[in-house]
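Please look over the sequence and the structure shown below, and then read the short report that follows.

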Amino acid sequence: MAAVAVHQFAPCITCHAWSPDRSMVAFCPNNSEVHIYKLSEDKWEQAHILQKHDQIVSGIDWSSRANRIVTVSHDRNSYVWNYEGSEWVPTLVILRLNRAALCVQWSPQENKFAVGSGAKTVCICYYEQENNWWVSKLIRKRHNSSVTSVAWHPNNILLATTSTDGKCRVFSTFIKGVDTRDSKAGSSSDSKFGEQILQLDLSFSWAFGVNWSPSGNTLAYVGHSSTIYFVDDVGPSPLAQNVAFRDLPLRDVLFISEKVVIGVGFDCNPMVFAADESGMWSFVRFLGERKTSSTGPKYGSQFSEAFGKLYGQSKHGINNDGVDNSRQRGGVHENCITCIVPLGEAGSSTITRFSTSGLDGKVVIWDLESQQDLLEYL
Amino acid sequence: MMAATVDFVEADNAEAIISRIEHKSRKIESLLKQSRPVEALKTALEGSPPNTRDERCKSANWIVVHRAIMAIKDLDALFSSLDPEYYDILMKYLYRGLSTGDRPTCDQCLRIHERLTERAGLGCILRSLADTMNTV
């Protein structure tokens, strides 16, 4: 069984993040609060509640070195939380947005964080020592619609974004005084702040979820048309591959090695994609076990109930009453998975553990150690 | 700039597309006479103009595809010889058929839709619904 632990924390979870030592988990139970649970003697207990936002918290990231939490919310604000004494102390970051903030991620060196928003902008925030203040610099007029996801390249300079205009873009986020030119970033560090390195027009519908491979050589993002896109050689002449799959679209992706990607989304069951020796990506299998009982829905997903009605009830079992059936779907998650977080050592090139959370309010920890067929791809 | 280029190409192309569709139509009629409905459907789906925004081209091609869809009798034969590359475009035309509200067309489209969904999965439906750029 690939799912090693399942925790029902709330009726619905918008996003979650882990403490550096993985002993605590922070999540938003679909309201304006962030709950932090601590694992003590095999039981999860509520340790803190972070209350400062006015609306749904849409993004949480917990920095692994500095032990800082950043949260963003539909109330257009962001807070950086520092643990002082026994309390989490918030610092307001003025993002200067006129629409909701949608996603957030710390940069690999944790001296910056990026916020995607419904205002068609991306904020790059950094700490100014002299003013004791987090400053937000905006990348404006580049996106034609909401920014749904952001992902940092390991070089701490490049940032990939996905947007509901269907495009995936890569920007330079070089900030004078924060980043240094002589870093190992190579030619990408020559670019000015906000310069667009690349725009990918592969998707014809909304794009959600983007991630870099551990080396930063490959980029993956997902489109709402049940397609995942892989891009090699990010630069002037990128090499792109589309992989269309037969199930419901994905919401988020995670590279667990250079050759393996996990996608999560509306099908409620993580999907594994892998590249062969020649670099061709393909769908491998679902990670969770799929129950194929005779009374189960034919297509194994949320949509199937509606299709059952469309095609007449006779094909399905007698017990085909909406909610009941969806509860029996057989997967670990019972609703759309919106968030996937790695649980490996920071900077390591392969990850075998990761966690997912979704609209069913569960946080599920997955371990690939027991999945022999998948370990071969790593 | 992109859009301007596309418009320019289209004005030039609309007539060419229409005449291609007319040619296709004749080929389909002869295939149907030879009782090869699956070949006719493949021919109809090939070279569909999803990129164009010219409604005349889309309607003309729909008439051709509709003719081929309605001629399909044996669904097993259809899916044993229809390659997966046709699935997405066929799904788009099935939804266009369903949107007509015409009883026999809807019956036929729904019949094919069920089998196509079994084969190609819900992803195929999502690709036809979520794509607002390449419409048929």
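## An annotated repeat in chain A

In UniProt, an unreviewed entry places the feature "repeat: WD" at residues 50-91 and 140-172 of chain A. The coordinates examined here belong to a predicted model, and in this model the span of residues 140-172 of chain A is 52% strand and 0% helix, while the C-alpha atoms at the ends of that span lie 13 Å apart.

## One residue of chain A: A220(A)

A220(A) has its place in strand β19 of chain A, which covers residues 218-223. Because buried means under 20% relative accessible area, A220(A), with a relative accessibility of 0%, counts as buried.

Leaving aside the neighbours within four places in sequence, the residues in contact with A220(A) are G209(A), V210(A), N211(A), Y229(A), F230(A), V253(A) and F255(A). As for Q241(A), this residue is 21 residues apart from A220(A) in sequence, and the two are 9.5 Å apart in space, taken from C-alpha to C-alpha.

## Chain B as a whole

The secondary structure of chain B consists of six helices and zero strands, so that, read from the N terminus on, the order of its elements is α-α-α-α-α-α.

Chain B has 136 residues, of which 49% count as buried, and its accessible surface comes to about 7,000 Å², with 55% of that area belonging to carbon and sulfur atoms. Where contacts in chain B link residues at least 6 apart in sequence, 73% of them join residues at least 24 apart.

Conventions
Residues numbered from 1 in each chain as written. Chains lettered and ligands numbered in written order. Predicted model: local features only at pLDDT ≥ 70, side-chain atom pairs only at ≥ 80, totals over all residues. Heavy atoms only, no water. Helix = DSSP H or I, 4+ residues; strand = E, 2+ residues; numbered from the N terminus. Buried < 20%, exposed > 50% of the residue type's maximum accessible area, 1.4 Å probe, protein only. Contact = heavy atoms within 4.5 Å. Areas by Shrake-Rupley, 256 points an atom, 1.4 Å probe, with all protein chains shown as cover. UniProt positions renumbered as here; feature names shortened; annotations may be inferred.
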